[in-house]
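Please read the following points with the structure open beside you.

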Amino acid sequence: MNQISKKKSEQCGQEDKSGSYPGKILAVDDSAINLKILQRILIEEGYHVRVCDNGKTALEMLAEKRPDLILLDIMMEEPDGYELCCRIKSEKKTRDIPVIFISALTDYPHIVKAFEIGAVDYISKPFRKEEVLARVRAHMNLSQMQKKLRRQNRRLQQEIREHSRTEQELRRAKEAAESANLAKSHFIANMSHEIRTPMNAILGFSEILLHECEGKHHRYYISNILSSGRLLISLIDDILDLSRLESGTMLLCCEAVNIQKIVHEIYNLFLGPAREKGLKLTYRILSDIPDLITDPIRIRQILINLTANAVKFTEKGHISISLDGDFAGKAADRFHLYIEVEDSGIGIPRNQHERIFENFQQQETHKSRKYGGTGMGLCITQKLCRMFRGRLRLQSRVGKGSIFRVELPDIPVAPQNQDRQTFPLPDFRGEMLEVSAGNSGGPETFSCIPAQDRRGDTHSPELFRILTEEYLPRWKQNQEIFFIDDLVDFAKDLQSLSEKFNSALLSAFSKELILSLEMMDVDRIEKMMDRFPDILHLISQSLSCEPAEG
């Protein structure tokens, strides 16, 4: 007994050679001899063993310290092994502890009852060391694995809760960022409008003074005012476009477009500045390109930004604009458009190819600083290409020049040789719109007006009366004075009127006019205002009455 106690004191609570905890076992038996045998077998194996000879003491020991395994004799004084097992399994704190019954009762009913009340195994008396150790090892390992699984499950649940909290925080942060971005876009749009109005007056009166002033110095001063004002307007346009692109509020307004004509316009626009710097500016049409359904304003903006950069950063040599493309598939109703702007300018280092497409960034060279600019042109151009589901690629060598290649895939081809047909616009924002294509001799039609709404549009005589009596005089006055603030009020009032009378035709017209005013595209504003009598004509036709006079 002394040797057992000595070995017990050396091994209890220590780790075995493998580094794992040996496990704690509670043995309950009213026979002291049986307990000694069990204790010797298990301690020699390295287990931490506690023993007791009755059920009451066993319950007290369980309350103090929870073992990993219980060896329980059946035939004891009250409570016997069955009752003690039932109590153990009824307590939340001890119900998961595996119980192995030990008894000389080996008949079938006793074994069945043992398993029914919660035992995991059964050891018969007299003990056989190999059997005891085999069963204890098996259930001890199983118990340790279950504990490990429970710990891992708790950790996993904690990670899931933390992940859920993080996801919620990210969602809230994303919503807050989107809200802030939208608020920023509204603020920039409002501020740009407020700045444009006085700036237009400054530019207009400066042009008048420049033509009327005869003094050389005064003309020089006024010329600088004009140049600075135009630069400021251009900067406001870039900031507004960038804000709309980032917030997703910029819309593509598509119509039938002759791309070759646009390239020719860009060529004429930059021919003078290129000649002033002694540069050779050319453009090439490499394939037969049909009329395409796209946004001409944004196509022009892409070409202007790339060509302006080429002229700005090229001191000598040439600039070339190339137009190419091919049909997508046998149907010939979709076209892949490729635009290249090549220059022999200063070039861009390889390590800065990504940087120059970021907001307010230019290449980091001392030479580039003398050229000025805000660094927004390429960023806007790349985002516009993405709006078309295309991409902007760059090839460049320092001191040799650069090639910017715009790839715009799957652009719808406009129908040819048809008097008045409707055709679908590309679904750039998840909405399918339709426009009417007229021949050169017919009246101009309206882009971005849902064709199905126009066909089914019905108008009340009251709407027609309000338009002719209240809005037609305002239109004539605006045509004469053309003051931006009055035009904005006119467009917004038309939009409210369209909502009141549920007129899709009037709604589309007012929205396009508002968009033209926001972009401060004077040519487009004039074009839209000239269409107002046509709107009255269409509404009068829907009422089967005489068209209004413009």
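1. Two strands are said to pair if DSSP finds at least two bridges between them, while strands (E, at least two residues) and helices (H or I, at least four) are DSSP runs, numbered from the N terminus. This is a predicted model, in which local features need pLDDT of at least 70 and side-chain atom pairs count only at pLDDT 80 or more, whereas totals for chains, interfaces and linings use all residues. Residues are numbered from 1 along each chain as its sequence is written, and side-chain values use heavy atoms, with hydrogens and water left out.

2. Strand β11 is joined by seven bridges to strand β12 (residues 401–412), and the two run antiparallel. Across this pairing, R393 stands opposite R405 in β12, and S396 has S402 of β12 as its bridge partner. Three residues lie between the strands of this hairpin, where G399 takes a positive phi near 80 degrees.

3. Both strands belong to an open sheet of five strands with mixed pairing, in the order β7-β9-β10-β12-β11. Its edge strands, each pairing on one side only, are β7 (280–285) and β11 (391–397). On average, neighbouring strands are turned by 15 degrees against each other, direction ignored.

4. Which strands does helix α9 touch? Helix α9 (residues 296–312) packs on the sheet and touches β9, β10, β11 and β12, with a direction that makes about 20 degrees with that of β10; contact here means heavy atoms within 4.5 Å. Helix α8 (residues 259–276) lies across β7, β9 (318–327) and β10 (334–343), and runs at about 175 degrees to β7. Angles run from 0 to 180 degrees between N-to-C directions, and axes are lines fitted to C-alpha atoms, for helices over the stretch in contact.

5. On β11, the covered face holds L392, L394 and S396, while R391, R393, Q395 and R397 make up the uncovered one.

6. Helix α14 (residues 484–501) packs with helix α15 (residues 504–518) at an angle of about 155 degrees, their axes being 8 Å apart. That angle makes α14 roughly antiparallel to α15, a term used for angles over 145 degrees. Among the residues that meet are L487, F490 and L494 in α14, and L506, F509 and L513 in α15. The residues of this contact divide into eleven nonpolar, four polar and two charged, where Ala, Val, Leu, Ile, Met, Phe, Trp, Tyr, Cys and Pro count as nonpolar, Asp, Glu, Lys and Arg as charged, and the others, Gly among them, as polar.

Conventions
Angles under 35 degrees count as roughly parallel, over 145 as roughly antiparallel, 65 to 115 as roughly perpendicular and the rest as oblique. Buried means under 20% relative accessible area, exposed over 50%, partly exposed in between (1.4 Å probe, protein chains only).
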